[in-house]
Structure formats: structure tokens, C-alpha cells
Amino acid sequence: MCTSLPPAAYQDPGTDDAQEPRSSRPKAFPPAPEPLPVPVMDNHTHLDFPDGKAPVGIAAALDAAAAVGVQGSVQVGCDLESSRFTVQAVDLDRRLLGAVALHPNDAPRYAARGQLEEALAEIEQLAAHPRIRAIGETGLDYYRTEGQGLAHQRHSFRRHIDIAKRLDLTLQIHDRDAHDDVVQVLREEGAPARVVFHCFSGDEDLARTCNQEGWWMSFAGTLTFRNAANLRAALAVADPNLVLVETDAPFLTPHPHRGRPNASYMVPYTVRAMAELTGTDLAGLCAGIADNTVRAYGSWD
């Protein structure tokens, strides 16, 4: 566990070095944004991935988020270690719900060690915890995996879909450069009742498919990037009842702090961009996102 720090650990007025590689970028957290008028939830974060100049504990991270109108988060596992952490974390603070899975880029590594099925069995056991509400993040990633690894990814994805359906849990999709194949696998296997495209990275066509299928689209700080015209076009046609927000912290910090560490307290930057892009009343958008998030994951109470 990280050592808890006060929310003030996030207050730093440093400059943005968006183009620096992650290994050399500034490690100070950006300043807190103006609070949202209606609280929302960050439906995808990684509290076990430290990325600041000092570690920040679970309570401090959630306190800082609550101070700006982010009343809860979904802590997401990517492998066995982080999924075990997730189960521990949701017991420590009721402002957290959890998701557990093997990331598509990790599935081939477990397979190479002959441990994929054993790891999937443990994911299913961890998912039985009542505050684990999703299987994720799982899916396909054609950016970092190729060759035989893709076959292991697809097998792992199908197995995660099966677990989500049998346990009646939401499925959190990781989709990188694989939109058509992700949709194809979901249709072949039969999608779970609730599907979230984490860090939505598609275009208008994928957004329309999600509208048709009733799949949630979760927008992250990438929406605010200058080169993200496809995401802004997708948001413009997305069914408002299927729109969520996330950080994917500590990654994908929104403009104007791109390149610096991210955390759930940064959600308001993305929500305000969503309101501006869609011409939507900010309070109304926040209320809609909060309602959508509860429909996707259940109550935090």
C-alpha cells in the first residue's frame, strides 16, 4: 500500500510538458480543477500504479476527488497482482468499486508460462467479491501484441466474456486498434448485459454500433487532445444515456496538463470539455453521467 498523503499533495502549479516521454516528464500532480456542480464517478482508475513524485494513498486520492465533485471510482485490475490489490482496496474504502481481469497484453505472458487458465480461474474467484462489479479490463490490443500472442488474447477475451455473463458482471473493454474484431467477438460470444468501452477510442461508426447495441462509451482525457477529432465526432453522435467518464489514471491526463500524472480528481477537466463539445448544460451532463454509471455498475452504497 502507498503511504497516505493529504489532498494538498495534488496542488502543484508546475508547467505542462506534454511531449516528454513518461520516464522524464514532470512528476508533480497538476492543480485541482474547479469542482463540478453535480457529483460524478470515475469509472476506470489504477490506484496501484504510482506515477507522481510521491506516492498517494487510497484515502487521500479519493478525498482529493471528492473535493472536486468526483464521489466514487472504479479501481481496475490488469493482472493477478493488481486484481488482488483491487479486492483489498474495495474493502478499505466504500467510495471504491472494483473490476478484475487479465489485460489483453498480459494474457500472452501467462500463456507463455502455461498459467493462463490458472490465472483466469483466480480472476473468477476474485470476481465473487460483492464490490467487484466488472470483469475488466479485457479485450484486444493490436498495438503492442502480434503473432501468436493475438490468439492468446482472443482466447482470454472470450473467457472473460464467459465469466462476466455467468457472474452477471459488467464487461470493461480494452480496445486498441481492434474495433472491428472486438465487436465481432462480442457478437459471436453474445455480449454480457452490460458492456463498457473503456477509454473509448473509436469513431462515429463505433459510437453508432454502441448506440445500437446499448454499450456504454467511457470518455477519458484523450477527448481533450488536439489530435482527437475522431473522439469528438464520436461523442457528438453518442447516445447521452450511454456516456461515461474516466481518467485511466495515472495515464491520459487531460489538457492542459497532458504529460503529467493523472488521478480521479482530474475528471472535471474532461467533463467540462464534454459539456462544451456537446453544448450541454454542465449540471445536467453530470447528473446524466452519474445515473449512467450507477446503471453500469450498481450503487456505491
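Helices α2 (residues 80-92) and α4 (residues 116-126) have axes that come within 10 Å and cross at roughly 10°, and they are therefore roughly parallel to each other, a label given to angles under 35 degrees. Axes here are lines fitted to C-alpha atoms over the stretch in contact, with angles running from 0 to 180 degrees between N-to-C directions. Helices (H or I, at least four residues) and strands (E, at least two) are DSSP runs numbered from the N terminus. The helices meet through L80, S83, R84 and V87 in α2 and A119, E122, I123 and L126 in α4, where contact means heavy atoms within 4.5 Å. By class, this contact of α2 with α4 has five nonpolar, one polar and two charged residues.

This is a predicted model, in which local features need pLDDT of at least 70 and side-chain atom pairs count only at pLDDT 80 or more, while totals for chains, interfaces and linings use all residues. Residues are numbered from 1 along each chain as its sequence is written, and side-chain values use heavy atoms, with hydrogens and water left out.

Strand β6 (residues 195-197) runs parallel to β7 and is joined to β7 by two bridges, with V196 opposite W216. Strand β8 (residues 243-245) also runs parallel to β7, joined by three bridges, and here S218 stands opposite L244. Helix α7 (residues 204-213) forms a right-handed β-α-β unit with β6 and β7, and helix α8 (residues 229-237) forms a right-handed β-α-β unit with β7 and β8. Right-handed means that, with the strands pointing away from the viewer, the path from the first strand over the helix to the second runs clockwise.

Some backbone details remain. Most residues other than glycine have a negative phi, and most peptide bonds are trans. The peptide bond from G136 to E137, however, is cis, with omega near 10°, and E137 lies in strand β4 (residues 132-141). Another cis bond leads from H255 to P256, with omega near 15°, and P256 lies in the loop between β8 and α9 (267-278). The loop between β8 and α9 also holds L252, whose phi is positive, near 60°.

Key:
Parallel < 35°, antiparallel > 145°, perpendicular 65-115°, else oblique. Nonpolar A, V, L, I, M, F, W, Y, C, P; charged D, E, K, R; others polar. Pairing = 2+ DSSP bridges.
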